[in-house]
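Please look over the sheet and helix packing in this entry. My notes follow the structure.

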Amino acid sequence: MDRAHRTRAHAYAHAHATDDPLRRTRTHIPGREHLPCAGGGGLYGEQVTEQPPADVSATVSDPRVRDALDAIDTAELVSQLHVLLTVPSVTGSAAESAAQHLLAEQYRQAGLDVDLWPIDLPEVTADPGFPGMEAARSEAWGRVATHHGGSDGPTVVLNGHIDVVPTCELSDWSVDPWSAQIRDGVVLGRGAADMKAGLVCQLAAVVALRRANVRLRGRVALWSVVGEEDGGLGTFATLRRGHTGELAVIAEPTDLAVVPAAAGALTFRLTVPGRSAHASVRTSGVDAMDHYLRVHQALRRLEAERNANPDPLMARWDLAWPLSVGTVRAGTWPSSVPDRVVAEGRLGVALGESVIDARSQLEAAISQLSDGDPWLGSHPVTVEWFGGQFAPGAVDAGHPVVSLVSDAHEALHGERPQLHGVPYGSDLRLLGAAGIPTVHYGPGRLRAAHAPDESVPIDQLATVTRTLVLTVAAACGTR
Ligand SMILES: [Zn+2]
């Protein structure tokens, strides 16, 4: 960190320590070493400042920033979203790579400095900290596009994943999931909410700042990442390549809320043994399905226990940490007693809970079923942890990155955005663990994500883009 930037960090620290309510309402930019994510300790200096810290209310009055805000064009946003939605960039598919190259070209055309590189999969996946991957990949690409302002301000990371989940049953859709149709004020398509609309807003915000010739003191780095849906490959590889920043906003679909906390999610596989026999003499075998049903009930009980006292940030969700089985496979033949059941699912991890503790709770609930059971006692259910392993992640709700985005939203749209946690794992925890305080803020609703007829409200595109323009300008500072 250079001297001027350090001074801004100390300016923040000084304002943060004061009881002057006026000063506390401003948003100031932290130096990363001063304000680690939740769980770390803050070190606040008392150095006298040489320049005033940035604040949202001053930045919103900057004529060039106003020009950038005024230039945001909803029709342009929708047309860019259309381009992205027609690329079926399902996690692990060839189109996931194609979409990264398409974005790289868009960013180059916007005049940004693009780092596009093939991720060394054997090397990255062998890293002990690798967060897991479920889709088989022969290639994967990383991409960071940077807008270089000055060198005396922080780097703001705008992170978004280009991969999307599969479409589920096409008959459940009323439109082609890859056609980006518009209906009743929304754009429909797989990835519309989660999270191609967010990626479009992030690029549009940087383009607006450039077009209006807003001179930033710092930099903006646009990270489009692959493999978020199946573990976090892209963000992990981007951090590993050495890209970093002082704060980050992930454009997950928050419906315009600011989200400082994301729960964890651990993928597991249970194998329940039985013994096959001809179905006509089924009692001579051991039906693995009967035992699986007991396992399933035990998982439901465990879920209820784990959700008895959720964190207040999760109050809006009926289940803060869901435990769900997504696939069940049993047997090999209709007229045979099934000799085993393989069930795969995900265990939600509470905010602040360790992954090891969460795993051992599930393992204990399963092993208790074997106690005194004539079959499971000698043929226990096995538990494996595989694929995506999302630890929970959070910044403190009082962290400056939270007030920065909230202040920017409020200054432009007239009301304080909601603040809450989300029950799913995201790249927030990887960025937080790397010392980059991070929030989610983006267009679209969580309930639309991964669902048939996924959609994003068109009016939220400009809302988010404008908030990001002001967030970046206030965070970096302008000259
Ligand atoms: Zn997402």
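**Notes on sheet and helix packing**

1. In strand S11, Glu 344 is the bridge partner of Thr 327. Strands (E, at least two residues) and helices (H or I, at least four) are DSSP runs, numbered from the N terminus. S11 covers residues 340-349 and is joined to S10 by seven bridges, the two running antiparallel.

2. The model is predicted: local features need pLDDT of at least 70, side-chain atom pairs count only at pLDDT 80 or more, and totals for chains, interfaces and linings use all residues. Residues are numbered from 1 along each chain as its sequence is written.

3. The open sheet has four strands, ordered S10-S11-S9-S12, with antiparallel pairing. Two strands pair if DSSP finds at least two bridges between them. S10 (323-330) and S12 (382-390) are the edge strands, each pairing on one side only.

4. Helix H11 (residues 355-368) lies across S9, S11 and S12, and runs at about 25 degrees to S9. Axes are lines fitted to C-alpha atoms, for helices over the stretch in contact; angles run from 0 to 180 degrees between N-to-C directions. Contact means C-beta atoms, placed from the backbone, within 7 Å.

5. Helices H8 (residues 192-211) and H14 (residues 458-476) have axes that come within 8 Å and cross at roughly 50 degrees. H8 and H14 are therefore oblique to each other (under 35 degrees is roughly parallel, over 145 roughly antiparallel, 65 to 115 roughly perpendicular, the rest oblique).

6. Residues meeting across H8 and H14 include Ala 197, Val 200 and Cys 201 in H8, and Leu 461, Val 464 and Thr 465 in H14.

Key:
Contact = placed C-beta atoms within 7 Å.
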